[in-house]
Protein chains: 2
Amino acid sequence: MMIKDLLNDATGKIVLLVFDGLGGAPFPGRGTTELEAARIPHLDALARRSACGLMVMVDHGIAPGSGPGHMALFGYDPVATEVGRGVLEALGVGHHQAPDELSARGNFATLDPGTGAITDRRGGIPTQERNRELVALLNDRVRVPGYEVQFLSGKEHRFVFILKGPGLADRLTETDPQVTGVPPPPVRALDPGSEVAARVVNQALDSIREALRDATPQNFVLLRGFATVPRIEPFRDRYGLRAAAIATYPMYRGIAALVGMDVLDTGPTFADQVAVLRNHFSSYDFFFVHVKGTDSAGHKGDFDGKVRVLEECDRLVPDIEALDPAVLIVTGDHSTPAALKDHSFHPVPVLIRASTAIPSGADRFTEASCARGVLGVFPGVKLMPLALGYAGRLKKFGA
Amino acid sequence: MMIKDLLNDATGKIVLLVFDGLGGAPFPGRGTTELEAARIPHLDALARRSACGLMVMVDHGIAPGSGPGHMALFGYDPVATEVGRGVLEALGVGHHQAPDELSARGNFATLDPGTGAITDRRGGIPTQERNRELVALLNDRVRVPGYEVQFLSGKEHRFVFILKGPGLADRLTETDPQVTGVPPPPVRALDPGSEVAARVVNQALDSIREALRDATPQNFVLLRGFATVPRIEPFRDRYGLRAAAIATYPMYRGIAALVGMDVLDTGPTFADQVAVLRNHFSSYDFFFVHVKGTDSAGHKGDFDGKVRVLEECDRLVPDIEALDPAVLIVTGDHSTPAALKDHSFHPVPVLIRASTAIPSGADRFTEASCARGVLGVFPGVKLMPLALGYAGRLKKFGA
């Protein structure tokens with residue numbers, strides 16, 4: 001049974017509000033999660049009128065990366081549809097990778113000029129200015145016959161490497177041995193289909209070595225996470241939804257573009273995002289609104305900061321409700337407890353507000369109260385079918 | 001995605017305390033389950049600070065045997081990794097079956113000397129002494145060229161049959177027709193790979209018939225549950241855990257050995273087991289502590305007895321907590337409600353205590369309160385990934 005075979009001609013709009021890293025865990029010395037500590041009266045009131053649950057994004061016990069978390073949210077199997085590190089890095093610096101491109105995450109590194117062994121995997125951590133100089137130099141000098149090579153600046157020692165041309169595939173070994181004292185190995189193909197790519201990347205590496213010969217201390221690079229862009233059925237074909245993304249961070253704008261959403265221009269604040277939502281509300285069926293601040297604070301271990309982002313956004317929830325979407329979903333792509341300073345496996349709270357949603361008697365929008373909701377604990381990849389169901393957009397299955 | 005690809009170098013210890021047959025059902029005339037009736041203040045307090053849930057060990061509505069229940073607990077697919085009855089019977093009498101051995105559960109039986117038809121499938125239920133005499137006689141006389149044959153005493157009319165040698169497989173029909181009045185059929189192979197085994201078992205049966213010719217009334221045997229030992233990835237390879245089992249019953253010690261745990265010597269009481277846990281706490285990463293009494297009482301329909309085992313063990317829970325494992329799990333391998341006097345399909349209560357566990361507001365450790373916990377109702381086979389997740393032993397999946 002395919003969801004698209006069940007689509008009818010209903011037109012109810014769906015708003016998916018994603019607080020990145022929403023879920024938390026008890027914080028040492030406080031004993032509560034961020035959601036439990038936050039004063040979020042509008043989200044709490046919304047939860048009281050919503051179907052609630054907890055989502056397992058990838059699998060029980062598994063902490064999802066941003067790629068798998070969002071792929072699951074958008075209804076794509078997060079394991080089968082893995083979005084490679086290179087693709088995500090490219091998206092993160094605003095590059096939407098084409099099907100004939102191979103990307104990788106690069107480090108500027110320092111090799112011993114005599115032995116060729118790596119002495120610093122981060123090349124002394126260059127300044128942003130130096131990073132840009134090095135990237136300009138590489139874009140100027142590196143050439144591979146029959147292919148385009150492109151370098152994009154990242155932070156500190158990081159950059160993105162893009163190779164464009166025929167026959168590229170991504171089953172490649174990496175050139176970063178993760179230790180110093182040994183020379184970086186050449187790239188090898190892990191399957192016959194990637195042999196062309198291995199050869200071309202090694203040619204590029206020769207050219208990079210030549211280009212950086214006199215650069216100090218960043219006289220070479222390390223490449224890992226080689227990735228071509230996965231084949232993904234566009235959102236509109238899959239769900240019959242004209243979809244728009246309202247996200248401020250390049251990576252999330254990129255993931256949305258990857259599944260075929262229109263990526264709308266927006267200012268940096270949540271108020272800006274809500275205004276964009278309002279202004280485009282009549283033009284799309286589905287809106288993905290992405291708030292990054294919760295995750296950023298979680299990564300820093302900043303419990304109060306994460307609480308503050310939730311509280312600030314909470315004030316604007318009524319403005320979203322005022323648009324009266326058929327379905328309003330509030331959730332996250334994974335948990336980022338400040339207690340752990342990283343993504344975690346904790347299931348993600350979710351509320352679905354719709355006219356046919358059955359409230360669970362939850363009085364708060366927290367992990368524990370969502371656990372008692374009518375949605376139960378369920379796989380995140382089922383959120384999109386649920387959204388379509390609550391929007392009345394699916395015919396019944398079978399007679 | 002394989003769990004082992006996500007293992008990091010964290011070292012938090014995991015204690016898995018299994019009350020065999022933990023879950024219950026409302027008992028006639030009382031209306032409560034055993035957990036609801038028990039005074040277990042320490043387990044209740046632990047549940048209040050733990051992530052709680054209910055586990056479906058094999059599938060909804062399915063009552064698991066001890067093999068599937070434990071395989072699921074240890075994270076092995078309980079249907080794909082079936083541990084045959086012969087293997088479990090052998091483990092139950094302390095025999096750890098080797099890869100080149102075929103085992104079966106045996107009954108001493110009585111045949112009509114004239115017609116060869118079975119007159120008693122239990123051979124008059126011999127005394128334990130008579131059982132041992134018969135087993136000694138069989139070990140003395142039964143021979144199959146090129147193979148070793150071994151008999152091990154069980155209870156009453158039961159024994160374990162072990163055949164050791166090349167080319168044995170277990171897709172065999174049984175020789176117990178489950179009725180009297182017909183002769184026991186010979187063994188037939190159900191696939192070509194088991195034809196050698198069929199031939200050898202039938203040779204053994206001829207030799208057994210000869211050996212028991214003058215025995216009265218146990219003049220033959222019935223064999224069923226032929227099983228070779230399944231190929232199981234060892235616990236340490238699968239999870240990176242040095243694992244130890246602290247169990248008093250041979251079958252559970254055997255299942256633990258089957259998945260590669262060290263089986264520690266222990267005295268018969270729960271206090272003995274807790275002492276063994278304490279003494280070995282620094283030497284392992286994972287401890288499987290198995291309490292049999294709950295299941296035994298459940299099988300007898302002894303509601304109060306099951307309650308009593310829970311209450312007695314509850315007193316020592318603080319001693320386990322005092323060891324401060326990163327993760328403490330309390331659960332069962334299946335339910336054995338005294339109301340049913342047998343294993344049942346009821347999902348099994350589970351609590352996971354860890355610093356990042358989100359309590360659910362449950363005030364008791366009961367089936368119903370666990371149902372409202374943040375773990376929800378989930379497959380038992382996911383307990384190990386969850387344990388590793390709560391122990392911080394898994395890297396995130398995807399970028």
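Two strands pair if DSSP finds at least two bridges between them. I also noted that helices (H or I, at least four residues) and strands (E, at least two) are DSSP runs, numbered from the N terminus.

**Entry 1: the model.** I recorded that this is a predicted model, in which local features need pLDDT of at least 70, side-chain atom pairs count only at pLDDT 80 or more, and totals for chains, interfaces and linings use all residues. Residues are numbered from 1 along each chain as its sequence is written, while chains are lettered from A and ligands numbered from 1 in the order in which they are written.

**Entry 2: a sheet in chain B.** I looked up an open sheet of 8 strands with mixed pairing, and its order in chain B is β9-β8-β10-β1-β11-β12-β2-β13. The edges are held by β9 (262-263) and β13 (376-379) of chain B, each with a single partner strand, so one side of each has no neighbour in the sheet. I then followed one pair: β1 (residues 14-19) and β10 (residues 286-291) of chain B run parallel and are joined by 6 bridges. Which residue of β10(B) stands opposite B:F19? I found B:V291 there.

**Entry 3: a helix in chain A.** I turned to α8 (residues 250-258) of chain A, where 7 of the 9 residues are buried. A residue is buried if 20 or more other C-beta atoms lie within 10 Å of its own, exposed if 12 or fewer, and partly exposed in between, with C-beta atoms placed from the backbone. Among the buried residues of α8(A) I listed A:M251, A:Y252 and A:R253. The buried residues of this helix pack against α3 (66-73), α4 (85-92), β8 (243-247), β9 (262-263) and β10 (286-291) of chain A; contact requires C-beta atoms, placed from the backbone, within 7 Å. After α8(A) comes A:G260, with a positive phi near 95°.

**Entry 4: a positive phi outside glycine.** A:D324 is not a glycine, yet I noted its positive phi of about 55°. This residue lies in the loop between α12 (317-321) and β11 (327-331) of chain A. Why does A:D324 count as exposed? A:D324 counts as exposed because it has 9 C-beta neighbours inside 10 Å.

**Entry 5: cis peptide bonds.** I found a cis peptide bond from A:T216 to A:P217, with omega near -5°. A:P217 sits in the loop between α6 (195-211) and β7 (220-227) of chain A. In chain B, the bond from B:T216 to B:P217 is cis, with omega near -5°.

Definitions and conventions: Two residues are in contact if their C-beta atoms, placed from the backbone, lie within 7 Å.
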